[in-house]
Number of protein chains: 4
Amino acid sequence: MSSSLPEFGAGLWHFASYVDRYATDGYAPPVTTLEQIERAGSVGDLSYVDVPYPFTEGVTVEDVKAALEAQGLQAIGVTPEIYMRKYAKGAFTNPDAAVRADLLAFLDEAADVVRALGAKYLKVWPGQDGWDYPFQVSHAQQWELAVSGMRELAQANPDVKMVIEYKPREPRQKMFWDSAAKTALGIKAMGVDNVGVLLDFGHALFGGESPAAAAQLLIDHGLLWAMDVNDNLRGWDDDMVVGTVHPVEVFEFFYTLKVNNWQGVWQLDQFPFREDTVEAARLSIRFLKAIHRALDELDIDALRAAQERQDAMGAQKLVQDVLFSSMRS
Amino acid sequence: MSSSLPEFGAGLWHFASYVDRYATDGYAPPVTTLEQIERAGSVGDLSYVDVPYPFTEGVTVEDVKAALEAQGLQAIGVTPEIYMRKYAKGAFTNPDAAVRADLLAFLDEAADVVRALGAKYLKVWPGQDGWDYPFQVSHAQQWELAVSGMRELAQANPDVKMVIEYKPREPRQKMFWDSAAKTALGIKAMGVDNVGVLLDFGHALFGGESPAAAAQLLIDHGLLWAMDVNDNLRGWDDDMVVGTVHPVEVFEFFYTLKVNNWQGVWQLDQFPFREDTVEAARLSIRFLKAIHRALDELDIDALRAAQERQDAMGAQKLVQDVLFSSMRS
Amino acid sequence: MSSSLPEFGAGLWHFASYVDRYATDGYAPPVTTLEQIERAGSVGDLSYVDVPYPFTEGVTVEDVKAALEAQGLQAIGVTPEIYMRKYAKGAFTNPDAAVRADLLAFLDEAADVVRALGAKYLKVWPGQDGWDYPFQVSHAQQWELAVSGMRELAQANPDVKMVIEYKPREPRQKMFWDSAAKTALGIKAMGVDNVGVLLDFGHALFGGESPAAAAQLLIDHGLLWAMDVNDNLRGWDDDMVVGTVHPVEVFEFFYTLKVNNWQGVWQLDQFPFREDTVEAARLSIRFLKAIHRALDELDIDALRAAQERQDAMGAQKLVQDVLFSSMRS
Amino acid sequence: MSSSLPEFGAGLWHFASYVDRYATDGYAPPVTTLEQIERAGSVGDLSYVDVPYPFTEGVTVEDVKAALEAQGLQAIGVTPEIYMRKYAKGAFTNPDAAVRADLLAFLDEAADVVRALGAKYLKVWPGQDGWDYPFQVSHAQQWELAVSGMRELAQANPDVKMVIEYKPREPRQKMFWDSAAKTALGIKAMGVDNVGVLLDFGHALFGGESPAAAAQLLIDHGLLWAMDVNDNLRGWDDDMVVGTVHPVEVFEFFYTLKVNNWQGVWQLDQFPFREDTVEAARLSIRFLKAIHRALDELDIDALRAAQERQDAMGAQKLVQDVLFSSMRS
């Protein structure tokens, strides 16, 4: 008996073009917010997108709403770009109080976009919060600024849910919110109830976490409010297409969500630098559907029994049986 | 003006011999507990040792006390060997309830040794708690067993301070207590006040943490009760001699302790597989004394000012001035 | 149409018990050479084993021959244990000329065992050749000793084929023969024709190589004489059961062998510390048979065409179609 | 007695501004080629720069020559930008024959710039040559294209020396020229005498090589024609300021150059994203001068004797004595 499919989503940037420090002319011509939405719609299986803010020049919230509607898409979240030049030395932990004040004003504005789009959350990814060099920062002060800034934002917008996306590093050599446990610890210290976590599969993997264990930890603390998936070679946030490198750990991740009865959107956060972005999304969803099928067929009782005795071989056999037959025709 | 030197310590195993999965005949002939104490005494600068338990066969607590006294040493902690064959699938998280019961009985016994030796703490390093394969364990259950087991131990021995030493992995592919933040989160969940953390510099480095940031986090949570240092190549717990690879980050670590007015023993946790163990300890302490001297000379006010503006170049200049002149004659 | 199965093999140590630096009492009771052979036989699908030398005490070459025959096994190679205490500071690159002389005498003896068992090769894995600390060795001298020592061995035994197994590190912090390219470069410098390479999948993965690319490089240089597989988390030589973590790259590795028409034994080099060793081998071979089936079904012409245009998505789709249906019933 | 200082150099991009995939508006306003030269001149200790080509729009070779002369600088090399959008799927290994033809034409043009500027070499860094996904490329074909393309370029410009700069990865997930040994192997296969290697300290470190060992290997093969230094956290090519993280290995690297009597420019390849670029260069050279002083004072005979017995502790003591007093006043 097959269960109904989950809803799928993607960061809208999945359909953008990219630059890096070498190919400064970009891997492809620029793609506007509205074109990105069109591409997302053309994938065919997406219900949600996470929308970066600000939009490309001249695009209004109304334009975005209309474009989403035209494609049958909803905004799951809004991602304010708090990692541009202005925030090069940090967003919440920026050493300049004026920048921090501007940040909060800008985030209030982004919260309005969440409201306007009817999105589920404001996604906060302060990728420049952290440090590069030994001795560069006072770690005590970083904690203070990171936690109190987020608290202030949350308290100023009690009607808006917010998720922090942690990541070990990049673009900063070390990012402040770098693991599930540290983010949980920081959120507890905020003492607010509208801040949770977005777990990015690749960030967990790259940080040496088991993504499944990180998900369980966050679920047990009531904080796993959103997630996205992708893949990498474990040494960097490569944002490759999900399942192309680590299908077993992807499967364990979704297994963990299932046995905890986690309900939510299965999202993609990928950067297909050199690929057709729509094709990359389609391959991803094809794989996720296979994972979903494998979960339907997995003998969960037997697996639990194997886990009860830490029987790795027995567990793997059950897993392989369904994973390696999930695309049979 | 130079401040007084800290007290130095070492894990007694620093003076043992070692095996690994290849050199199963050992890198040197076995060394008894009492011989290890003698070697520790011969270093000349050590005041404390952390004593593994059980002792080598036939050695009693009284023997150990006498041997320590003879060398002018004190026991800082006792390290029960809860990572031998019996605990291959875990200590607190062992799937077998009988093993877990034996574990607690054994740890009570080890707590008695803490009392008998007048040591400061029982060191708990459950290196086999964790997992090897995807799907091998229920992560929810691991948390439950790890936290509740430790709580039970702490509550049964309220007069004994205990420290958990976290580590990303080895011997298990993934160790349950794997980071400063996760350990802090778990200890909070225990709801006891006699459990803290021992931060191993190399474990933090190898786990992708900044050891200085991890120390600050634990200090801010009132949990940095002990520490030890060593060095590695960042990819594994190599337990090399401190300062031979990453002197700058060692310096930042001790700087963090100093500005927080952390008082405690500067301990070594090294495995000099192929070296003369006494010589290795001496080289380590020579380096730590240079670090101490550099800290005395560091312009902390200027450094703080540089950190206030995240001026990495300015901070490094101040640091290099004193670090690279710390061994001048 | 399905092709005939390859022959399977395993390092005999797969069926041993293990110690590490923590569980010094061993993860299981000791297993003799003859018992290991019995266990290998009981797997049911193995045709070859690689035999460590010396055998456990009291066991003769004749005993081994008889035991292999009784189990229907052949020796593919002999692995001299040149990584025990005596060689702690190196085998070929040991600083002590007397140790190096003993080494060559011992390896001549091991070559005799190759002859006696009718094995295909002498496997040379000098895991202690290398260094631990910056400045510890003269790298010029290491090259000289490693290359000339191996040349001398090869020239003294021109009738015996030898394979060097490279590995990035462990037990030495850095191993001299650390990559496919360096080993190829060194073998060329030897100027002999009876030295090739054994590629260990996990060593390549852990060293940041693509195992498939490393295999191709060695094939193109006429040096891929043997291989073994396993799995790991990319950060260490975990010697886990093949396919449990990185099935896609395992598949690419065997694909590379197939399109090059490489003929040879599919061997296991795994250390099932906490598992039933026979069960671990069976799970491995079950997976390898699925890989073999997937290779039979892969549309290689279409894949080549995708590769011609670096069409990663197209290639992955073809690969997933067969890999994720390879265990369908 | 102090030896004379080496000449110092830097990649001109050290003085540029940068973008990455997040801060697409750049960490600072754009800096033209001529402004970069001016900044390089203002460092005060630089004699050489490595000049990217093409120059910023409107700048001619004559402009560059004049600007260099005005600052007392010389071009050590020319770095053609063969990693922009056009080469996203590779330069020499691009799947499109037309792109490969354009590449060679462009590189011939760059060779003319080498001639015009009287530079020592053409630097070839094909950072997009490689692959991203398992199964994406034929590794046999990559070797063929990479080696033959470089051979063709070298043969077409026999009067121009060329250096290949290897790197493990970035921007491609895996770069074809990824290690010292593989690059040496490939250059041998080219059969030309005007191609050597530029060793980047950080690339070696990040790739798991010992930079000192890699330098020795290349020297022994007559291929170490240029080098540059920087620093990183070993997991990525962070291009941080040299000596801020790994001073000991930097020291071993320069020690290796010295004992081999390597003569050449000590170059910087750093990306000071968030720092003042001139200040970053000055801090680097201050450190390199300290390294030079330490080398003058190092007891090389004693160190060689320690290395003869692999006496790591003895070697480190000699090293620390001079390294940690190299900035005494």
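What follows is a set of questions and answers on a predicted model.

Me: Which strands make up the closed barrel of chain A?
Reply: The model is predicted. In chain A, eight strands with parallel pairing form a closed barrel. From one strand to the next, the twist averages 30°. The order of the strands is β1-β2-β3-β4-β6-β8-β9-β10.

Me: Which residue of β9(A) is the bridge partner of Leu199(A)?
Reply: Strand β8 of chain A covers residues 195-200, and strand β9 of chain A covers residues 224-229. The two pair in the parallel sense, over four bridges. In β9(A), the partner of Leu199(A) is Met227(A).

Me: What angle does the direction of helix α4 of chain A make with that of β6(A)?
Reply: Helix α4 of chain A, residues 139-156, packs on the sheet. There it touches β4, β6 and β8 of chain A. Its direction and that of β6(A) make an angle of about 155°.

Me: Why can one say that chain A and chain C meet through the same surface?
Reply: In this interface, 30 residues of chain A are in contact with 30 residues of chain C. The copies meet through the same surface because the interface residues of chain A are also interface residues in chain C, to the extent of 100%.

Me: What area is buried between chain A and chain C?
Reply: The size of an interface is often given as the accessible area lost when the parts come together. Carbon and sulfur atoms give 61% of the area buried between chain A and chain C. On the side of chain A, Met313(A), Gln320(A) and Phe324(A) lose the most area to chain C, together 27% of what that side buries. The area buried between the two chains is about 2600 Å².

Me: How far apart are the closest N and O atoms of Asp321(A) and Arg286(C)?
Reply: Between chain A and chain C the count of salt bridges is two. Asp321(A) forms a salt bridge with Arg286(C). The closest N and O atoms of this pair are 2.8 Å apart.

Me: Which element gives the largest share of the side of chain A that touches chain C?
Reply: Across this interface, 13 residue pairs are in polar contact. The elements of chain A that give two or more residues to the side touching chain C are α8, α9 and α11. The largest share, eight residues, comes from α11(A).

Me: At what angle to β9(D) does helix α8 of chain D run?
Reply: Chain D has a closed barrel of eight strands with parallel pairing. Helix α8 of chain D, residues 247-259, lies across β8, β9 and β10 of chain D. Helix α8 runs to β9(D) at about 155°.

Methods: Residues are numbered from 1 along each chain as its sequence is written. Chains are lettered from A and ligands numbered from 1 in the order in which they are written. This is a predicted model: local features need pLDDT of at least 70, side-chain atom pairs count only at pLDDT 80 or more; totals for chains, interfaces and linings use all residues. Side-chain values use heavy atoms; hydrogens and water are left out. Two strands pair if DSSP finds at least two bridges between them. Axes are lines fitted to C-alpha atoms, for helices over the stretch in contact, and angles run from 0 to 180 degrees between N-to-C directions. Contact means heavy atoms within 4.5 Å. Buried area is the accessible area (1.4 Å probe) that two parts lose on being put together, summed over both. A salt bridge is a side-chain nitrogen of Lys or Arg within 4 Å of a carboxyl oxygen of Asp or Glu. A polar contact is a pair of N or O atoms within 3.5 Å; within protein, one must be able to donate a hydrogen and the other to accept it, and residues adjacent in sequence count only if both atoms are side-chain atoms.
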